[in-house]
Amino acid sequence: MNMTGEDCGRGIAGFFTRLVVDVIDVFGMLWNWFAGRFDWSPMRLFAAAIIGLVYLVSPIDIVPDVIPFAGWIDDILVVTAVVRLARFDLERYRRWREKAD
């Protein structure tokens, strides 16, 4: 069974579950695109992912990561923003994946 972001429920647990499912699908979409199976060119996703990755690996943060929990909030927000920017591409990929199965 393929889970989509909409199947994950409400509340904070549903938010994080949706986020994890979406991030997994982003990697799946990129993997299938690089392998030549998914022919849609997700340029918006590439741009968002590169900017997000640069921010995540950069030592400069809005809130330093050495502060427990608070330091991760900006990282979570960046990942969430990347996933939201890629929402259209993710929906297209999920429809393609449903047909491929």
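## Starting from Val83

Let's begin with a single side chain: setting aside residues up to four places away in sequence, Val83 touches Leu19, Asp22, Val23 and Leu90. This is a predicted model, and Val83 sits in its helix H3. With a relative accessibility of 3%, Val83 counts as buried, because the cut-off for buried is under 20%.

Val83 and Val20 are 63 residues apart along the sequence, yet their C-alpha atoms are 9.9 Å apart in space.

## The chain as a whole

Stepping back, the chain has four helices and zero strands, giving the pattern α-α-α-α when read along the sequence. Along the principal axes, its C-alpha atoms fill a box of roughly 45 × 30 × 15 Å.

The chain has 101 residues, and 34% of them count as buried. If you take the contacts with a separation of 6 or more, 52% come from residues 24 or more positions apart.

## H1 against H3

Helix H3 covers residues 70-85 and packs on H1 at an angle of about 60°, with the two axes 10 Å apart. H1 is therefore oblique to H3, and the crossing of the pair is left-handed.

On the H1 side, the contact is made by Phe15, Phe16, Leu19, Asp22 and Val23, while H3 brings Ile76, Val79, Thr80 and Val83. Sorted by class, the contact of H1 with H3 has seven nonpolar residues, one polar and one charged.

## H2 against H3

H3 has another packing partner in H2. The axes of H2 and H3 come within 9 Å and cross at roughly 175°, so H2 runs roughly antiparallel to H3.

Here H2 supplies Arg44, Ala48, Ala49, Gly52, Tyr55 and Leu56, which meet Asp74, Asp75, Val78, Val79, Val82 and Leu85 of H3. The residues in this contact of H2 with H3 comprise eight nonpolar, one polar and three charged.

## H1 against H4

H1 spans residues 11-34 and H4 spans residues 87-100; the two pack at an angle of about 70°, with their axes 10 Å apart. That angle makes H1 roughly perpendicular to H4. The crossing of H1 and H4 is left-handed.

From H1, the residues Val21, Asp22, Asp25, Val26, Gly28, Met29 and Asn32 take part, and they meet Arg87, Asp89, Leu90, Tyr93, Arg94, Trp96 and Arg97 from H4. By class, the contact of H1 with H4 holds six nonpolar, two polar and six charged residues.

Tyr93 touches Asp25, Gly28, Met29, Asn32 and Phe38, when residues up to four places away in sequence are not counted.

Asp89 lies in helix H4 as well. Is Asp89 buried or exposed? Asp89 has a relative accessible area of 1%, so this charged residue is buried. Leaving out neighbours within four places in sequence, Asp89 is in contact with Met29, Trp40, Pro42, Arg44 and Leu45.

## The nonpolar core

Which residues make up the largest nonpolar core? There are 11 of them: Leu19, Val26, Met29, Leu30, Phe38, Leu45, Phe46, Val83, Ala86, Leu90 and Tyr93. Two or more core residues come from each of H1, H4 and helix H2, which covers 43-57. H1 gives the most, with four residues.

As general background, nonpolar side chains in soluble globular proteins tend to be buried together.

## A contrast at Ala13

To finish, here is a residue in another setting. Ala13 is found in helix H1, and with 53% relative accessibility Ala13 counts as exposed, because the cut-off for exposed is over 50%.

Ala13 and Val54 are 41 residues apart in sequence, and their C-alpha atoms are 27 Å apart in space.

Conventions
Residues numbered from 1 in each chain as written. Predicted model: local features only at pLDDT ≥ 70, side-chain atom pairs only at ≥ 80, totals over all residues. Heavy atoms only, no water. Axes fitted to C-alpha atoms, helices over the stretch in contact; angles between N-to-C directions. Parallel < 35°, antiparallel > 145°, perpendicular 65-115°, else oblique. Left-handed = near helix turned anticlockwise from the far one by under 90°. Contact = heavy atoms within 4.5 Å. Core = buried A, V, L, I, M, F, W, Y, C linked by side-chain atoms within 4.5 Å. Buried < 20%, exposed > 50% of the residue type's maximum accessible area, 1.4 Å probe, protein only.
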